[in-house]
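User: I would like to learn how to read a structure feature by feature. Please take me through one.

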Amino acid sequence: MQKYTADFALIAGGSEVDLFSLRHWSEQTGADIFAADGGIIPVLNAWLTCRAVIGDMDSIPADFVQMHAEQTSVHAVSEQDTTDLEKLLHRLDCRKILGFGFMDGQFDHALSVLGILARYADTAHIVMVGAR
C-alpha cells in the first residue's frame, strides 16, 4: 500500500468547493494536494495540481486515469467498507490537514465526515472548510 507523508496537506472531496479558497491556501502554504475520488474535479477546476487521487474511482470519468496519469498518482481502492475520505486519510501520514469539499453535501455525509474526524483526532489536526 502506497503511503504519503507531508507536514501539511490540502485534501479535496467531491462536494461543493470554494475554488478561490482552495487556490488561496494552495498558493499560501505550498502544501501538496490530495483528492478523495471526485475531489480531483474541483482541484483541476482551480487549475491546481494534485499529488494523488485515492478512492474507489466511482465519481470520476473513466478516461481520467489515462488523461492525468503523468501528473497525478491514481490509487483505486475497490473495497466498499470505508468512504473515500477514510481511504485517503488511511494512506496519508500528515499531522496538519485542511479539507475542502467534504461538508457541503448531504446531511448524512456530513455526519459520516464528523465521525471520521473524531477517529483521527489523536493523530492529526484536520480542519474542514465549507464553500459558504
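Predicted model: local features only at pLDDT ≥ 70, side-chain atom pairs only at ≥ 80, totals over all residues.

User: Which class of exposure does cysteine 94 fall into, buried or exposed?
Analyst: A residue counts as buried under 20% relative accessible area and as exposed over 50%. Cysteine 94 has a relative accessibility of 6%, so cysteine 94 is buried. Cysteine 94 sits in the loop between strand E6 (92–93) and strand E7 (96–100).

User: What does cysteine 94 touch, not counting residues up to four places away in sequence?
Analyst: Contact means heavy atoms within 4.5 Å. Cysteine 94 touches Ala6, Asp7, Phe8, Ala9, Thr123 and Ala124. For a C-alpha distance, take cysteine 94 and tyrosine 4: 90 residues apart in sequence, they are 8.1 Å apart in space.

User: Where is threonine 123 found, and how accessible is threonine 123?
Analyst: Threonine 123 belongs to the loop between helix H5 (107–119) and strand E8 (125–129). With 44% relative accessibility, threonine 123 is partly exposed. Leaving aside neighbours within four places in sequence, threonine 123 has contacts with Cys94 and Arg95. Threonine 123 and serine 112 are eleven residues apart along the chain, and their C-alpha atoms are separated by 18 Å.

User: How many bridges join E7 to E8?
Analyst: Strands are paired if at least two bridges are found between them. E7 and E8 are joined by five bridges and run parallel. Lysine 96 stands opposite histidine 125 in E8.

User: Which side chains of E8 are buried?
Analyst: Side chains along E8 alternate between two faces. Ile126 and Met128 point to one face and are buried.

User: How many salt bridges does the structure hold?
Analyst: The test is a side-chain nitrogen of Lys or Arg within 4 Å of a carboxyl oxygen of Asp or Glu. The structure holds four salt bridges. One of them joins arginine 51 and aspartate 32, with the closest N and O atoms 2.8 Å apart. Arginine 51 is in the loop between H2 and E4 and aspartate 32 in strand E3 (residues 32–36), so this pair ties together parts that are 19 residues apart in sequence.

User: Which residue forms a salt bridge with arginine 119?
Analyst: Glutamate 86 does, and the closest N and O atoms are 2.5 Å apart. The pair links distant parts of the chain, with glutamate 86 in helix H4 (residues 84–90) and arginine 119 in helix H5, 33 residues apart. Glutamate 86 is buried at 16% relative accessible area, whereas arginine 119 is exposed at 54%.

User: What about glutamate 79 and lysine 87?
Analyst: Their side chains meet in a salt bridge of 3.9 Å, N to O. Glutamate 79 is partly exposed, with a relative accessible area of 31%. Lysine 87 is buried, at 1% relative accessibility.

User: Which residues make a nonpolar surface patch?
Analyst: Phe107, Leu111 and Leu114 make a nonpolar patch of about 340 Å². Leucine 114 lies in helix H5 and is partly exposed, at 44%.

User: What is the phi of tryptophan 47 and of methionine 57?
Analyst: Tryptophan 47 has a positive phi of about 60° although it is not a glycine. Methionine 57, also not a glycine, has a positive phi of about 60°. Tryptophan 47 is exposed at 75% relative accessibility, while methionine 57 is buried at 16%.

Technical notes. Residues numbered from 1 in each chain as written. Heavy atoms only, no water. Helix = DSSP H or I, 4+ residues; strand = E, 2+ residues; numbered from the N terminus. Buried < 20%, exposed > 50% of the residue type's maximum accessible area, 1.4 Å probe, protein only. Patch = residues over 30% accessible without salt bridge, like charges linked within 9 Å, V, L, I, M, F, W, Y side chains within 5 Å. Areas by Shrake-Rupley, 256 points an atom, 1.4 Å probe, with all protein chains shown as cover.
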